[in-house]
Amino acid sequence: MDFLSNLALGFSVATSLNSLIAVVMGVLVGMLVGTLPGVGALAGISLALPITFYMEPTTALIMLAGIFYGCQYGGSTASILMNIPGTSANAVTCLDGHPMAKKGKVGVALMVSVMSSFFGSTLAICLIAAFIPALASLALNFSSAEYFSIMLLGLVAASTISEGSPLKGLSMVSIGLVFGLVGMDVNTGLLRFTFGFLALGDGLNLIAVAMGLFGVAEILASIGKDHERLTNTGPIRFRSMVPSREEIKAARFPALRGTGIGWLIGALPGAGPTIATFLAYAVERRISRHPHKFGTGIVEGIAAPEAANNAASQSSFVPTLSLGVPGDAVAAIMMGAMLIHGIVPGPDFIANQPEIFWGLITSFWIGNLIILFISIPLIGVWVRVLSIPYRMMFPAIIFFTCVGVFSINNNVHDIYLLLVFGIIGYFLKRHGYPVASLLLGFVLGPLIEEHLRRALVISRGDFSIFFSRPISLVFLIVTVVLLMLPLMGVIGRVVKKNRPKEMNGGD
Amino acid sequence: MQVSRVNWPELGIATVIACLGIAVTYSGWIYGIGTARHMGPGFVPFWLGLAIAVLGIAIAIKTIRQACAEEPFPIRPTIAVSAGIVAWAALARSLGFLPASFVLMTISSMAEARPRPLEVVLTAAILSGAGYLLFVKVLGINLPAINR
């Protein structure tokens, strides 16, 4: 089938009534959870997953994906209005978005954010529609050696590129891998790490782990902290939202560059929207003719990161859909959701189920189009939502979390698991351990073990199979480079510390 | 001088990680490592455990002198939220969805330093009802409303 007929197939799936309802519900829920500080795409998707059990797989995926990218839009609202990022991917938007709101240009800030988001997503969707099938047909030749190496690359990238200490990232990934191995070993039937609990035989429940680490842990960290008051915006009129011609001109190229950066970073295994936004903002400031103006509320500082995070959240589907290897924690949850619905993403998926794949891709664009039109009228609603005090919000979030986790297997053990992971997650977060890496390791654990086993069976126990195959070798070289970078950083810092002693004496 | 202070929380977590690694390695040994050609169920755990242990030790060395996080541990929220969640898990089957949910939300509201009783009770009651309609009536979760 050629590209156009694929697209037509996609549109026919994505414009069916069920899909349209699903996409609208998805983006609404996504924008809502994105707007609420402390609840991100991960928690949103996990919460909605049980609801989608009653849907067709395609409809379900369309809705869950809608939550994901809807979140990136919603997050910027809280960033601009309250200086609190709705999701971590919108943290950078605070830097210029909030100062702009304080200057009384709330409308323009929101509008620029929405427009650049839409621009970034649309371009990114076109790119993934062209790129995923090509990558998937390449991946058809992948053997277990390549899969093992790319998963290793993804895990190392996720732990070393992310914010914070790479050592802590690596420890989280490794512990996540061990958590992934809990349950019955598929090859021998041996129960591993179950400590006699029969309920753990099928492994730890993904949603309970994710909701614990990202839902309960976040609530524990947020209770009792006074959130900043909402900026008094006054009534937002459409007239006040239209950016001036200069502002559009200023935002144009930053949005384009942000899209490029976001797309690339998002498509890499292990790096997600958050890193993309930081990078896009840094690049804009570097190449700008007036870098000192960044942070005072200029449109460039909103356009670039917003385009980047939306492009990245679309392109993070690339490794998941083409290889079946999720690139970050949110993609890992999406993949978990696909598996629960009986869809195994990977090279065969596009060939065997083109209607689901193309329906999903087209629905991305339809979803973004819907957001473009509803986000401005809905801003008043989000403002009202943001004014609900947190003390009324968190019991409700805990309640929905418990019921959601329970409903997956109709089982109360998962709720205790949720609590345990919530407390673990709180401690880890408090001390700068990236729990997203843990979740990625958790999802990839069984996969990476299986591919390692298969590769070594084929090579009769010879580890050189990973180095003799060129694609696998490339992945491994990149992995080693990523591992070396922080090490070099450490060496550099040690050298610096020992040399100019008098300069460090001050602190 | 502050430099000589040991960062006990960081050291504690790093130690737990290192011990976890050793325990995982030991389990791998027990499960059977096998050979590279015929990996036993303990092969991956054995090596992963070693990696975790090494990382734990490395983190301990790196963070032992770092400044402590000043934030106090949120004892009250942790207890209230935990008690609420455990209560729901324990009561949902025996008492039913509505009472369990009501108890969950009232108990976890105690996480706030100064809960407002009327607001808490009203929110909990309304949300329990709404949750019942959504999850049990619409989505068909198999739980009774109130068990007699």
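**Close-up views of a predicted model**

View 1. Helices here are DSSP runs (H or I, at least four residues), strands are E runs of at least two, and both are numbered from the N terminus. This is a predicted model, in which local features need pLDDT of at least 70, side-chain atom pairs count only at pLDDT 80 or more, and totals for chains, interfaces and linings use all residues. Residues are numbered from 1 along each chain as its sequence is written, chains are lettered from A and ligands numbered from 1 in the order in which they are written, and side-chain values use heavy atoms, with hydrogens and water left out. The buried residues of α2(A) are A:Ser19, A:Ala22, A:Val23, A:Gly26, A:Val27, A:Gly30, A:Met31, A:Val33, A:Gly34 and A:Thr35. Buried means under 20% relative accessible area, exposed means over 50%, and partly exposed is in between (1.4 Å probe, protein chains only). Their cover includes α1 (3–14), α3 (41–52), α4 and α16 of chain A.

**View 2. Helix α4 against helix α16, both in chain A.** Helix α4 (residues 57–82) packs on α16(A) at an angle of about 35 degrees, and the two axes are 8 Å apart. Axes are lines fitted to C-alpha atoms, for helices over the stretch in contact, and angles run from 0 to 180 degrees between N-to-C directions. The crossing of α4(A) past α16(A) is right-handed, meaning that the near helix is turned clockwise from the far one by less than a right angle. On the α4(A) side, look for residues including A:Leu61, A:Ala65, A:Tyr69 and A:Tyr73; on the α16(A) side, A:Leu360, A:Phe364, A:Ile371 and A:Trp382 are among them. Sorted by class, this contact has 15 nonpolar, 7 polar and no charged residues. Here Ala, Val, Leu, Ile, Met, Phe, Trp, Tyr, Cys and Pro count as nonpolar, Asp, Glu, Lys and Arg as charged, and the others, Gly among them, as polar.

**View 3. The largest nonpolar core.** This core has 194 residues, and A:Leu321, A:Ile361, A:Phe364, A:Leu439, A:Phe466, B:Ile85 and B:Trp88 have the most contacts inside it. A nonpolar core is a set of buried Ala, Val, Leu, Ile, Met, Phe, Trp, Tyr and Cys residues joined through side-chain atoms within 4.5 Å. Helix α16 of chain A (residues 354–386) gives the largest share, 17 residues. There's also a second, separate core of 9 residues, with A:Ile261, A:Ile265, A:Ala304 and A:Ala312 among them.

**View 4. A:Phe466 and A:Ile465.** Leaving aside neighbours within four places in sequence, A:Phe466 is in contact (heavy atoms within 4.5 Å) with residues including A:Phe148, A:Leu452, A:Leu456 and A:Leu476. A:Ile465 lies in helix α20 of chain A, residues 465–468, and it counts as buried at 11% relative accessibility.

**View 5. A:Leu444 in helix α19.** A:Leu444 sits in α19 of chain A (residues 435–458) and, at 1% relative accessibility, counts as buried. Not counting residues up to four places away in sequence, A:Leu444 touches A:Met151, A:Leu155, A:Leu177, A:Val325 and A:Pro326. A:Val325 is 119 residues from A:Leu444 along the chain, but their C-alpha atoms are separated by 7.8 Å.

**View 6. Two loop residues with positive phi.** Most residues other than glycine have a negative phi. A:Phe193 isn't a glycine, yet its phi is positive, about 50 degrees. A:Phe193 lies in the loop between β2 (191–192) and α9 (206–222) of chain A, and at 8% relative accessibility it counts as buried. A:Asn410 also has a positive phi, near 50 degrees. The loop that holds A:Asn410 runs between α17 (390–409) and α18 (413–430) of chain A; at 34% relative accessibility, A:Asn410 counts as partly exposed.
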